[in-house]
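I opened my notebook to look up a few things in this chain. Come along and check each entry with me.

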Amino acid sequence: MKIQLKTDSPVFEWLLEQLSRLLTCLVGCARSIKEEILTDVEAVKSRDPAATNGVEIVLLYSGVHALLAYRVSHKLYLSEHHFSARFVSQLTRFLTGIEIHPGATIGKGLFIDHGMGVVIGETAEIGDNCTIYQGVTLGGTGKDVGKRHPTLGDNVMVGSGAKILGPVNIGSNSKVASGAVVLDDIPEESTAVGIPARVVRRKGVKPDNLDQIHIPDPVSQELCKLEVKIKHLEEELAALKEGRVENS
């Protein structure tokens, strides 16, 4: 069964109009996102020691590809081409393994390192010069409507496998350790570790944005406190025993 579409039919005219609007939007997108893409490429060069030149970054880095597609899909989303925007984002997910909803708001200089498994939700907001490693989720909780995804300030680093869930705020210059699960707000210039994540360092010394190794272990800290308390109790118990022996 063949379906013939007449060139003078209303459906054909509507399709042409939609295609024309889409192409016009795409051309406008390419012009408006040029500066943002250049900033994203420079971010990779400055933060990845394996990056040798701009051509390599543009052609071979999946994080840059995902951001380029996001910049286009976000413009389409804002222009109310919602289907086209989701089509671009889902195609990019298939090609790169990185899923960024076109409704998300992302600043300049985001570096998605490796990137496989990264998920960024619709109402997520990311500031400038942030770094996200593979397996990170900026997700929602439940079926809430409205603002339901995290907000990251400027210069935030999120380690591999970390999950930040719900409309929480991660302050600027903060660090979320690998594997952490963040369910509450994190202040500025802090380091969050564990499940659920707890702040183990605040202000004082500004965290190194790329250091994921020299991070305090909250479990180890609590065990050390318990060990000190037990030692004191043992000393007190020994002193009591000595006193009883002397009295007897």
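In which loop is Asn173 found? I traced Asn173 to the loop between β11 (169-170) and β12 (175-176). Helices (H or I, at least four residues) and strands (E, at least two) are DSSP runs, numbered from the N terminus.

A note to myself on the source: this is a predicted model, where local features need pLDDT of at least 70, side-chain atom pairs count only at pLDDT 80 or more, and totals for chains, interfaces and linings use all residues. Residues are numbered from 1 along each chain as its sequence is written, and side-chain values use heavy atoms, with hydrogens and water left out.

Entry: I looked up phi for Asn173 and found a positive value of about 60°, although Asn173 is not a glycine. Asn173 counts as buried because its relative accessibility is 16%; buried means under 20% relative accessible area, exposed over 50%, and partly exposed in between (1.4 Å probe, protein chains only). Glu80, also not a glycine, has a positive phi near 70°. I found Glu80 in the loop between α4 and α5 (82-96). With a relative accessible area of 65%, Glu80 is exposed. I also noted a cis peptide bond between Ile195 and Pro196, with omega about -10°. Pro196 sits in the loop between β14 (190-193) and β15 (198-202).

**Entry: helix α2.** How far apart are the end C-alpha atoms of α2? They are 20 Å apart, which agrees with the 20 Å that its 14 residues (34-47) should span at 1.5 Å a residue. The expected span is 1.5 Å times one less than the number of residues. Next I listed the buried residues of α2: Ile37, Asp40, Val41, Ala43, Val44 and Arg47. They lie on the same side of α2 because they cover an arc of only 150° around the axis, taken from the directions from the helix axis to the C-beta atoms. The face turned away from that buried side carries the exposed residues Lys34, Glu35, Leu38 and Ser46. The buried residues pack against α3 (54-60), α4 (62-78), β3 (111-112) and β6 (131-132), where contact means heavy atoms within 4.5 Å.

**Entry: Leu76.** I found Leu76 in helix α4, and it counts as buried at 1% relative accessibility. Leu76 and Arg86 are ten residues apart in sequence and 9.0 Å apart in space, C-alpha to C-alpha.

**Entry: the whole chain.** I wrote down six helices and 15 strands. Of the 248 residues, 39% count as buried.
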